[in-house]
Amino acid sequence: MAALKPSKRVRHLFIVNPTATLQLGLWVALSMVVMTVDHRYHTLGGVHDVLSTVIYPLHYLTRLPTDARNWANENLAGRTTLLEENARLRESQVFFNAQLQKLTTLEAENRRLRSLLESAVNAPERVLIAELLAVDFDPYRHHILLNRGRQHGITVGQPVIDQHGIIGQIIRADPFTATAILITDPNHALPIQINRTGARTLARGTGNFQELELPHIPNNEDVKIGDLLVTSGLGGRFPPGYPVGTISKVEFDPGSPFARIIARPVAQLDRIREVMLLENEPIATPPAVAGTATTPPP
Amino acid sequence: MTSVQSTGGEVIALSFLLAFLLAGTPVPGWLGWFWPDWVAMVLIYWCMALPHRIGMGVGWLVGLLVDAGRGALLGQHALAFVTVAYLTLQTYRRIRVFSPWRQAFSVLIFLLIEQVLVFWISGVIGYPPRDGWYLAPAVGGMVLWPLLFVVLRDTRRYFQVN
């Protein structure tokens, strides 16, 4: 009889697994528990660390074709193209140098005046360059993965900028990678100021890379298309004065107390390749320290 | 007669790895909206071809790795993949004898269920989908299924994975 015993493979064809549904229930329950713990209590840091380290080399493999194309573009570019680019870069260098001269004197003056006022001196900010590894699979959620992590000194809450303006902030730092939320994510808002008038409000993400929403601006507020928005520095997350966007649409609705105002981010959020991470520590702490230091003893 | 030795575990692992890389490849324009979840498709194939080896447990682990790789909530894809594995295991006797094009319709249903589960969970944690386009990858998966099926079947036969 033992000779006729069918193999596992053949047996599987004829016998319906009676516990399949029970197994499904158990796996689903386990998933629910993992999701709840991850979402509510954030206590799965160790599991995240292990999994993200396992996955880390795969991100580089995924980037390989893109990297190869960029490399080919750079190395096989014609002489004329390179000369043109060189000339253009030299031109912009002269331009920026001229601007920088002005900035140096202004910065020195600013520091002197601030020290006269005994207010916090803005420490020179340290920056760290990171590259984009992956974007979120979910088209409605604007998260990006960067190739720098805790090992490189990245902490949760660090502001992320590119050469044009604010991109977002770090929401999770794994050992070798970090996740950043973009300012256009529907769950993100940052405190801003309209540069021309000084009016303060929030810029809320809409889930569209080209749009930020400015709530709570009264109908009679002075807002024009093209106004620059800069970070106000309130909330202590983002340093003040960095460009965020420009007003692209202003609609007054007589029936509503607030105007409908849409801004367009200055950073090109849908074509990010390299970003800069600002050190947020010195900006957040000194005002409090300076405040306590200058308070006269009773 | 004892049961046949299971071989070719590396081939299965490699196929999942390639699927992961394909799924993570950035695709520009409208094609990106239809870019399928390759990992789920490979999981469906192996559940169908080797139901005695690949099932819900493998699906759950693969899903967890996908979650970590894509920055999703841990367990989000794990839950969806377990469901897909369960559905495939319950129906593989019928689907196996279909032609690849007829299989593609079953695959479409599985992938639609997977997408709905993933985005339903996204909605619960505060990112509800804004339109119906999130279902498009399932359609892309249906169109590409016959190709994937033939490639994986020939690979399985060549390396005698059983």
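In the predicted model, 48 residues of chain A are in contact (heavy atoms within 4.5 Å) with 51 residues of chain B. Residues are numbered from 1 along each chain as its sequence is written, and chains are lettered from A in the order in which they are written. Local features need pLDDT of at least 70, side-chain atom pairs count only at pLDDT 80 or more, totals for chains, interfaces and linings use all residues, and side-chain values use heavy atoms, without hydrogens and water.

The area buried between the two chains (accessible area, 1.4 Å probe, lost on putting them together and summed over both) is about 4,300 Å², with carbon and sulfur atoms giving 67%. Helix 1 (8-14), helix 2 (20-41) and helix 3 (45-75) of chain A each supply at least two residues of the side that touches chain B; helices are DSSP runs (H or I) of at least four residues. Helix 2 of chain A gives the most to this side, with 13 residues. By class, the side comprises 25 nonpolar, 14 polar and nine charged residues.

Phe16(B) touches residues including Val39(B), Leu43(B) and Trp46(B), not counting residues up to four places away in sequence.

Technical notes: Ala, Val, Leu, Ile, Met, Phe, Trp, Tyr, Cys and Pro count as nonpolar, Asp, Glu, Lys and Arg as charged, and the others, Gly among them, as polar.
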